[in-house]
Amino acid sequence: MIDFPHMIPYANPIYFIYLLIALTPMILTLLIKGKRWSWYQVLVTVLFLYMSFGGEDWKQGVALIVYVIWQTILVWFYFHYRQKKNTSIIFYLAVFLAILPLVLVKVVPFVSGHASLLGFLGISYLTFKSVQIIMEMRDGSIKEYNIFRYIEFLLFFPTISSGPIDRYRRFEKDVENPPTPEKYVDFLGKGIHNFFLGFLYKFIIGYYFGQVLMPVVAKMAVKTGGFSWELVAYMYIYSMYLFFDFAGYSLFAVGTSYLMGYDTPINFNKPFLSWNIKEFWNRWHMTLSFWFRDYVYMRLMFTLIKKKVFKSRIVASNVGYFALFLLMGVWHGLTWYYLAYGFYHAALICLTDAWLRFKKKHKEQIPSNKFTHAFAIFLTFNAVCFSFLIFSGFLDTLFFK
């Protein structure tokens, strides 16, 4: 067997050469015949999973295989149960069992001080997909379960490590309806555009902020100590690095999907031009924020209102925001700064809601023009950058270590 080097997806320029070689037959088939060879896609998927989870990371590869078997059997059982019954306790048990591996991966390092053997790159994103399917099976939105299709969705290699998080029904439509040659020309154009923009974001701008500027300002901020202008510089530089590095990765993932004939949703839409924090979450890591909105926040709100836990819908909404963002913080990791990051964003959204209600009542007294819009963007940008400073963990290094 050819000894392919171990590589993290999209982190090494050589990865793209392998990608181009592997995708060329797929591109030609879609471009000429408008068809997709399923067997070839399986072959390419196995190859790239081997590159990402083999070699020195073979333990992650084993964990991935065990995880996929676990989720496949679990979802299969729940699907067949759901065809006959629909009790809440079995549904909650299925969701709990689906997230259990991820919970263990997050908790074990906190308790024992070493990484869990169950961990592998992208476990969160696979868990989001699996939980989504169980919830939609309960809703009755997913009426069929095909084991091969489920695994294909779970292990779609362009997005496996960091998303975007696709939806099963949308993905299934793409599998069953590959684009016509005419439509694929558009896919090809968008795929190439995403790749070039991704190179600019990740390997030029992101590299400059992350590898050139950030170590310098970090060193200066530590040397100065406490709150300083160097710390402010670190805040902005880290924010730029985080965006361009992650957005670049997402562009590669979406671009690869396009080249394979899949319309994977985008993850970023000019988030730093948002005019309030709610708009920011509609533009930043969109597939993740929409996942939390649809499968956590909306369902929690439905339960709180249906059971009349709170008399006021505003109070229920605010409680929902805090639960949502604290959960998101815990998902990032069991540290004070991730929890503070979640708390901060929940507080910002509650304040934004309060401001929007006030503004609606006093719309004739409050000016609304291009200057107030620009001020709102400036204010939101700085509020977001401060949240990224918390998220970075640099304050932990600066003040507590």
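User: Is Arg-299 buried, exposed or partly exposed?
Analyst: Arg-299 is partly exposed, because its relative accessible area is 26%, and in this scheme buried means under 20% relative accessible area, exposed means over 50%, and partly exposed lies in between, computed with a 1.4 Å probe on protein chains only. Bear in mind that this is a predicted model, in which local features need pLDDT of at least 70 and side-chain atom pairs count only at pLDDT 80 or more, while totals for chains, interfaces and linings use all residues. Residues are numbered from 1 along each chain as its sequence is written, and side-chain values use heavy atoms, with hydrogens and water left out.

User: Which residue does Arg-299 form a salt bridge with?
Analyst: The partner is Asp-139, and the closest N and O atoms of the two are 2.7 Å apart; a salt bridge here is a side-chain nitrogen of Lys or Arg within 4 Å of a carboxyl oxygen of Asp or Glu. This pair links distant parts of the chain, since Arg-299 belongs to helix α11 and Asp-139 to helix α5 (residues 123–139), 160 residues apart. Helices are DSSP runs of H or I with at least four residues, strands are E runs of at least two, and both are numbered from the N terminus. Asp-139 is partly exposed, because its relative accessible area is 43%.

User: How many salt bridges does the structure hold?
Analyst: There are 12 salt bridges in the structure. One of them joins Asp-294 to Arg-293, with the closest N and O atoms 2.8 Å apart. Asp-294 is partly exposed at a relative accessible area of 23%, and Arg-293 is partly exposed at 35%.

User: Are Arg-283 and Glu-279 buried or exposed?
Analyst: Both Arg-283 and Glu-279 are buried, and their side chains meet in a salt bridge with an N to O distance of 3.0 Å.

User: Which residues are linked in a network of salt bridges?
Analyst: Arg-149, Glu-152, Glu-172 and Glu-176 are linked in such a network.

User: Switching to backbone: where is the cis peptide bond?
Analyst: The peptide bond from Gly-163 to Pro-164 is cis, with omega near 5°, and Pro-164 sits in the loop between α6 (147–154) and α7 (168–176).

User: What about phi of His-285?
Analyst: His-285 has a phi near 40°, which is a positive value in a residue other than glycine. This residue lies in the loop between α10 (277–281) and α11 (286–306), and His-285 counts as buried because its relative accessible area is 5%.

User: And Tyr-10, what is its phi?
Analyst: Tyr-10 also is not a glycine, yet has a positive phi of about 65°. Tyr-10 is found in the segment before α1 (13–32), and with a relative accessible area of 0% Tyr-10 is buried.

User: Why does Asn-382 count as buried?
Analyst: Asn-382 counts as buried because its relative accessibility is 18%. Asn-382 is placed in helix α14 (residues 370–392), and its side chain makes a polar contact with the side chain of Tyr-236 at 2.4 Å. A polar contact is a pair of N or O atoms within 3.5 Å; within protein, one atom must be able to donate a hydrogen and the other to accept it, and residues adjacent in sequence count only if both atoms are side-chain atoms.

User: Last one: where is Thr-397 found?
Analyst: Thr-397 is found in helix α15 (residues 394–400) and is partly exposed, with a relative accessible area of 39%. The C-alpha atoms of Thr-397 and Val-222 are separated by 8.5 Å, although these residues are 175 residues apart along the chain.
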